[in-house]
Amino acid sequence: MILIDVDGREHDLPGGLGDEAAVAAALGWTLKPEGLCRDETCVPLLGRSVTDALGLLVVHDPDAGVAAVAPSAETHHRDATGKAPPLDLTDVDGNPVSFDDFSGHKRVLVTWASWCGCRHELAGWQKLQEELGGAGLRLFSVALDHDPEESRPWIEAGRPTYPVAVDTAHVTAERYGITNVPSVVWVDEHDTIVKPPTIAPGDDQFLAFTKIESEQHHEALRRWVREGVLPQSAGTEAHRRTDAEQQALAERRVAAHLQRHGDTVAAKRHLAAAQELAPWDWTVRRGGIAMTGGDPFLGKEFTTFWEEWDASGRPGYTPTT
């Protein structure tokens, strides 16, 4: 069986989930008589499974021989210290890139995807990096795509000088609470998240759709970088994720694994479960359409979803200022 961990890495477990020692090892722990141990920390099992003791939700497809874990809502909230979570990813060619490399600077996490019109906006963000880089700003871009090759043409067209990662496991979405793109997160010089995820287009090519002028965000960003002034929306509390939303991410990871191995039918089944758990998560809904070969722009599945979302007041579209 394959186990997909919280970082999206895959581990072969010949004994399946029943081999608790192997599950613990795959998750970075050692099973000992006193419990699960790592370095100087030990977590007692108290009759619980390894995943329960670590506060992880599990999605298991026994027929396909694959399972994925994601932190429970309680675990996610407990680990949310207000500091930027570590984010070590790879670029489109598989080279390591890390958001943490910009620690000590004002930095902005910019998320996008090939299934979004924002795929055309990398050049717009490049202009902003050139404008504000001398004042200390560092941009770090992440494509939430299921395959790096889907991202490649847009990265090459935008020719960004800032790092661009491709997060096929959607680790960024889970750690930073990203449910739609283009979303940005601001992090200050002390690694504190000062502005939680908000929708921020890189330019106005799709203003008729987004109904958010890019200059709203860009002007607020200029003031923060140059003057240290945060917009009113920076005080907005980040959305508290639920167990259902967290489990949806694990369902999506199982779906992505199955799709990569050619089992579209099973992948769609897990995507349907993810969509039921998190109906307004675009990284699951629209991203799932693209993953399984659908049309994420004009296809009926997407337009039906968009109409439902728009009629419901555009949930998750947090204002920029």
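User: Why does Glu 149 count as partly exposed?
Analyst: In this predicted model, Glu 149 has a relative accessibility of 44%. Buried means under 20% and exposed means over 50%, with partly exposed in between, so the value of 44% places Glu 149 in the middle class.

User: How do you know that Glu 149 forms a salt bridge with Arg 152, and where do these two residues lie?
Analyst: The closest N and O atoms of Glu 149 and Arg 152 are 2.9 Å apart, and because the cut-off for a salt bridge is within 4 Å, the pair qualifies. Both residues lie in helix H5, three residues apart, which is about one turn of the helix.

User: What is found at the two ends of H5?
Analyst: At the start of H5, a side-chain oxygen of Asp 147 reaches to within 2.9 Å of the backbone nitrogen of Glu 149. After the helix comes Arg 159, whose phi is positive, near 50°.

User: Which residues of H5 are buried, and why are they said to line one face of the helix?
Analyst: The buried residues of H5 are Ser 151, Ile 155 and Gly 158. Seen down the axis of H5, these buried residues fall within an arc of 60°, so they line one face of the helix. The face turned away from that buried side carries the exposed residues Glu 156 and Ala 157.

User: What do the buried residues of H5 pack against?
Analyst: They pack against S10, H4, S11 and S12. Helix H5 itself, residues 148–158, lies across S10, S11 and S12 and runs at about 160° to S12.

User: What makes S12 and S14 the edge strands of the sheet?
Analyst: The sheet is open and is formed by five strands in the order S12-S11-S10-S13-S14, with mixed pairing. Strand S12 (164–166) and strand S14 (193–199) each pair on one side only, and these are the edge strands. Neighbouring strands of this sheet are turned by 15° against each other on average, direction ignored.

User: How do you know that S10 and S13 pair, and in which sense?
Analyst: Two strands pair if there are at least two bridges between them; strand S10 (residues 106–112) and strand S13 (residues 183–187) have five bridges, in the antiparallel sense, and therefore meet the criterion. Leu 109, for instance, has Val 185 in S13 as its bridge partner. Helix H4 (residues 122–132) packs on the sheet, where it touches S10, strand S11 (137–143), S12 and S13, and its direction makes about 165° with that of S11.

User: What makes the contact between Asp 7 and Arg 175 a salt bridge, and which parts of the chain does the pair link?
Analyst: The N to O distance between the side chains of Asp 7 and Arg 175 is 2.1 Å, and because the limit is 4 Å, the contact counts as a salt bridge. The pair links distant parts of the chain, 168 residues apart: Asp 7 is in the loop between strand S1 (2–4) and strand S2 (10–12), and Arg 175 is in helix H6 (residues 171–176).

Conventions:
Residues are numbered from 1 along each chain as its sequence is written. This is a predicted model: local features need pLDDT of at least 70, side-chain atom pairs count only at pLDDT 80 or more; totals for chains, interfaces and linings use all residues. Side-chain values use heavy atoms; hydrogens and water are left out. Helices (H or I, at least four residues) and strands (E, at least two) are DSSP runs, numbered from the N terminus. Axes are lines fitted to C-alpha atoms, for helices over the stretch in contact, and angles run from 0 to 180 degrees between N-to-C directions. Contact means heavy atoms within 4.5 Å. Buried means under 20% relative accessible area, exposed over 50%, partly exposed in between (1.4 Å probe, protein chains only). The arc is that of the directions from the helix axis to the C-beta atoms. A polar contact is a pair of N or O atoms within 3.5 Å; within protein, one must be able to donate a hydrogen and the other to accept it, and residues adjacent in sequence count only if both atoms are side-chain atoms.
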